Each structure stands twice: as structure tokens, then as C-alpha cells.
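Please look through the structure below.

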Amino acid sequence: MPARRAVTGRSQEPRKRFAEELRSLRAERDLPLRKLGEAVGWDWSLFSKMENGETLGGPEVVQALDQYYGTPGLLLTLWELAMGDPTQFKERYRRYMTLEAEAISLWHYAPYLLPGLLQTKAYAQAVLELGRFKGDELTRQVEARWGRRTLLEGENAPSFRTILSETVLRTPLPVRDQWQEQLEHLLTVGERRNVTIQVVLHSFGLYTLGGTDVMFLKPTDGRTVAWVETSHSGQVVEETAAVDRLQLRYDSVRDLALSPADSRKFIMQTLEEAACKPSI
């Protein structure tokens with residue numbers, strides 16, 4: 001059954017509605033994409049991808065379009081709704097994405113991969129390719145994951161702490177420049193007052209959580225829920241006793257982790273090592 005449409009005839013799916021509005025505004029002016037690019041100051045190919053639903057673009061370009069079209073706030077509002085739309089993610093992740101978007105604080109432990117909120121596009125693509133995504137679906141999923149970074153931006157952004165196993169930082173991307181970009185991105189995001197990044201070293205030996213990737217989220221109602229993920233599945237844990245057990249394990253790992261300042265130094269050291277050309 002086709003999706004129900006509003007009286008305007010426009011789609012009620014946020015991503016599609018955003019693309020439709022972009023196409024409509026340009027069509028009303030009978031404006032070629034190249035002319036739009038020249039007028040707004042952005043590459044016209046980006047507008048083509050936005051109108052086709054291949055990408056949502058960033059807030060800066062959307063604000064520029066709002067200004068050009070004389071639609072103050074309209075496109076930016078539609079863009080925000082599209083960015084927060086959980087249907088852009090695979091079905092098994094939608095419940096978590098809804099919780100993530102509504103959380104007032106998040107804390108996380110990463111045993112082997114960087115959390116999605118801190119991934120660059122190149123890192124996200126490498127991870128998603130391992131999950132057998134390809135073609136248009138790969139592009140959509142990379143854009144969806146990259147779009148999540150906006151959750152940590154702005155005055156009302158939630159607090160976020162992640163504890164990274166040293167394994168995460170010892171597992172580089174195949175392309176050196178992309179790995180350096182990812183490490184630089186970590187350092188940049190770590191400067192935000194709402195973001196804390198810590199590292200737990202191999203030298204501490206065995207510790208609880210081990211290979212368990214877990215994200216704790218606190219919604220506005222004050223309860224805490226957890227998202228536990230493996231390489232092939234994930235589940236939301238809401239039962240209080242189970243969440244408490246995970247929290248105790250997390251606290252013990254946090255006690256072992258380097259301080260945020262020392263963790264930053266470790267990431268900087270890793271970046272320096274990545275920048276060094278291998279000896280021949």
C-alpha cells in the first residue's frame with residue numbers, strides 16, 4: 001500500500017518531503033541546477049543529490065537555500081525533521097535511534113569500533129561495507145550515520161561520554177589519510193564541553209564489559225536504558241536490574257580509563273604515529 005499523502009499532495013516521509021520541497025522551489029523559478037549553484041555559491045552537483053534524496057546536505061547549505069528562496073526557516077525545519085527521521089535507518093535500529101534523538105545524556109563503551117556519533121564518512125563507509133552494504137543503499141546509510149553527528153552540536157546538545165578500548169585506536173582504516181582524518185575528528189569533537197573521550201589501555205589487563213559495545217541513554221523521563229550491540233545484532237535493554245548490572249560494569253571500566261586529558265594525549269600520539277611514513 002502506498003504511503004498516505006497529505007492534502008498538499010506532498011510526501012509525509014521527512015526525507016522525501018525535504019527533497020520534494022527543494023525540487024518544487026527550484027521548478028517554480030525555472031532555474032537550472034548550475035544557475036542555482038552559481039547564485040548560492042555551492043557546487044550544483046550537491047543540489048542535484050539533495051533533490052534526488054541521495055544526501056541531505058548540511059545546515060549551512062540549507063540555510064543558504066532558505067535565504068535565496070526567501071523561505072526563512074522552512075527548509076531548515078524540514079532538514080531537521082529529515083535528519084531525525086528514524087526510518088532512514090535499518091528497521092532493527094529505529095527504536096534505538098528514537099531514544100538517541102530524545103536523550104539528554106549518553107555514555108558509551110567501545111570495544112573495537114568507534115561509536116557512530118564520532119565516525120567520519122570514510123570510517124562509516126568502511127564499517128558499513130563490512131556489513132555488505134553497497135551501491136545506493138550504502139550511500140544512504142553512510143549519509144544517515146554521518147547525519148547523527150548533529151546530535152552533539154548546538155547549545156542544547158546532550159552530554160556524551162565514550163570510553164574507547166585501546167583496540168579501537170590500534171585498528172586503523174586501510175587508507176592512511178582517512179585514518180588521520182578520523183583521529184583529527186576525534187580530537188576536534190573532544191574539545192566540545194559536552195563531549196568526553198577516554199581510553200582504557202591494554203596494559204590494564206582483563207576487565208568487565210570486554211567485547212560488549214554498550215550505550216546508555218537517559219531520556220527526559222529520568223530512567224536509563226541501554227543499547228547492547230554485537231557485529232550482527234543489537235537490542236534495547238530497559239529492565240532496571242539488567243541496566244544496573246551493565247552500569248556497574250561500565251563504572252568499573254571508567255575507573256580504569258585514562259583521564260580525559262591523558263586520553264587526548266594518547267589520541268594525539270596515535271595521530272603522530274599514523275602520520276609517520278613506514279620505513280622501507
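**The sheet and the cavity**

Strand 1 (residues 105-110) and strand 4 (residues 213-218) run antiparallel and are joined by five bridges. Strands here are DSSP runs of E with at least two residues, helices are runs of H or I with at least four, and both are numbered from the N terminus; two strands count as paired if DSSP finds at least two bridges between them. Within this pair, Ser105 has Lys218 of strand 4 as its bridge partner.

The model is predicted, so local features need pLDDT of at least 70 and side-chain atom pairs count only at pLDDT 80 or more, while totals for chains, interfaces and linings use all residues. Residues are numbered from 1 along each chain as its sequence is written, and side-chain values use heavy atoms, with hydrogens and water left out.

The pair belongs to an open sheet of six strands, in the order 3-2-1-4-5-6, with mixed pairing. Strand 3 (195-200) and strand 6 (234-237) stand at the edges; each has a single partner strand, so one side of each is left without a neighbour in the sheet. From one strand to the next, the twist averages 15 degrees, where axes are lines fitted to C-alpha atoms (for helices over the stretch in contact) and angles run from 0 to 180 degrees between N-to-C directions. In general, strands of a sheet pair through backbone hydrogen bonds, either parallel or antiparallel.

On from strand 4, the next pairing is with strand 5, antiparallel and over five bridges. Met215 has Trp227 in strand 5 as its bridge partner. The hairpin of these two strands has six residues between them, and Gly222 there takes a positive phi near 90 degrees. Four of the five residues of strand 5 (residues 225-229) are buried, so strand 5 is largely enclosed by the rest of the structure; buried means under 20% relative accessible area, exposed over 50% and partly exposed in between, with a 1.4 Å probe and protein chains only. Strand 5 is also joined to strand 6 by four bridges, running antiparallel, and Glu229 stands opposite Gly234 in strand 6.

Elsewhere, what lines the largest cavity? Its lining consists of Leu22, Leu36, Phe47, Met50, Glu51, Leu65 and Tyr69. Helix 3 (44-51) and helix 4 (59-69) each supply at least two of the lining residues, and helix 3 gives the largest share, three residues. A cavity is a set of points on a 1 Å grid over the protein atoms alone where a 1.4 Å probe fits but cannot get out, and lining residues have an atom within 4 Å of a point.

Key
On a 1 Å grid over the protein atoms alone, a cavity is a set of points where a 1.4 Å probe fits but cannot get out, and a pocket is an open set with protein on both sides within 12 Å along at least five of seven lines; lining residues have an atom within 4 Å of a point.
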